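I opened this entry to look at strand pairing and nonpolar packing. My notes follow the structure.

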Amino acid sequence: MTDQPDPVRPVDAHGVVAAETYRRSRGFWRVLAFVALAIAVLALLGRFAFSNAPVGDHIARLVVDGTISTDPARLAAINDLANDTSVKAVIVAINSPGGTTAGGEELYEALGQLRAKKPVVAVIKELGASAAYMTAIATDRIFARRLSIVASIGVLYQHVNAGKLLDTIGLDFDKVASGPLKAEPDFNEPMEGAARASIAALVDDSFQWFVDVVAERRGLTRPEALALADGRIMTGRVGVQSKLIDQIGGELEAQAWLVSDRNVPADLKVITAYPQPEQGFGWLANFANGQARSALGLPAAGPITLDGLVSLWQVGAAL
């Protein structure tokens with residue numbers, strides 16, 4: 001039997017081209033991934049370098065964003081600004097519907113102490129209502145856009161009576177309390193009688209203080225301030241007419257006023273002092289958390305709900 005040579009298989013030209021293309025493509029993506037990683041590392045190193053870099057004389061920006069509550073870190077930042085000789089003025093950038101009455105009071109008092117040491121101006125962006133407006137009046141001058149939403153001077157306490165629902169599904173709650181007003185109003189009962197009177201007194205005490213500081217800081221008589229303190233919101237333009245806002249404008253106008261009226265040097269940079277950029281990889285976790293909250297239709301940061309006495313304007317809130 002004669003040995004026959006193996007037949008020569010035809011060359012698959014398309015396969016060769018595909019293999020070569022794949023090889024080149026894989027190399028390209030490896031290079032691209034390496035470049036992306038290098039950029040990320042450099043950006044991270046730059047974040048550390050610039051966040052710790054010393055700065056000269058400047059204007060500090062204090063951001064008050066989202067729902068307001070008490071915040072020890074923010075309070076410490078304000079105290080640092082008051083004692084930092086390189087900070088020649090402070091711009092309080094506000095975009096908030098308000099929050100807890102205690103949080104608004106904390107900001108009002110802290111900014112008042114800061115104002116005693118250096119010029120402080122407020123710039124209201126889209127929204128500066130309730131406790132956020134309480135924050136703004138603690139400054140030397142308030143700027144707002146013509147169509148910013150401002151004011152909503154007032155205090156509220158919300159109560160949900162789920163008694164009928166609980167009766168329908170057959171649930172009954174009982175309690176033993178040390179006094180008739182302990183843990184009142186209860187969520188399975190209407191707010192009435194002594195419980196309602198106690199809450200009304202709580203709201204009124206906070207409200208009267210709010211009206212007093214508005215009258216004092218805005219140069220209004222108490223009756224004038226009281227007439228504006230029915231909880232209404234208004235645009236920045238109407239706020240100027242009502243003497244609740246000083247001037248239409250934003251950060252540039254605030255800087256110009258600091259230069260012309262408070263002799264702050266015109267060439268100073270504005271640097272955000274609070275909140276500080278996240279250090280290490282914390283910013284990545286916060287970014288992921290913010291994206292998750294956004295996907296669920298929740299605020300990007302801050303408390304989701306408030307329980308208790310608040311000075312808050314809420315879009316679409318049921319009455």
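**Strand pairing**

I looked up valine 64 and found isoleucine 94, in S2, as its bridge partner. I kept in mind that this is a predicted model.

S1 (residues 58-65) and S2 run parallel, and eight bridges join them. I traced the chain between the two: it leaves S1, passes through helix H2 (residues 72-83) and reaches S2. This β-α-β crossover is right-handed.

Next I checked S2 against S4. S4 spans residues 120-129 and runs parallel to S2, with six bridges between them. One pair I noted is valine 90 with valine 120, the latter in S4.

How many of the 10 residues of strand S2 are buried? I found eight, so S2 (residues 87-96) is largely enclosed by the rest of the structure.

**Nonpolar cores**

I turned to the packing. The largest nonpolar core holds 51 residues. Val90, Val214 and Leu244 have the most contacts inside this core. Val90 is also the residue I had paired with valine 120. Helix H6 (residues 193-218) gives the core its largest share, eight residues.

I listed what valine 214 touches, leaving out residues up to four places away in sequence. The contacts are Tyr133, Ile137, Ile153, Gly219, Leu220, Ala225 and Leu244. Leu244 is also among the residues with the most contacts inside the core.

I also logged a second, separate core of 12 residues. Ala89, Val123, Phe143 and Trp257 are among its members.

Key. Residues numbered from 1 in each chain as written. Predicted model: local features only at pLDDT ≥ 70, side-chain atom pairs only at ≥ 80, totals over all residues. Heavy atoms only, no water. Core = buried A, V, L, I, M, F, W, Y, C linked by side-chain atoms within 4.5 Å. Buried < 20%, exposed > 50% of the residue type's maximum accessible area, 1.4 Å probe, protein only. Helix = DSSP H or I, 4+ residues; strand = E, 2+ residues; numbered from the N terminus. Contact = heavy atoms within 4.5 Å. Pairing = 2+ DSSP bridges. Right-handed = clockwise from strand over helix to strand, strands pointing away.
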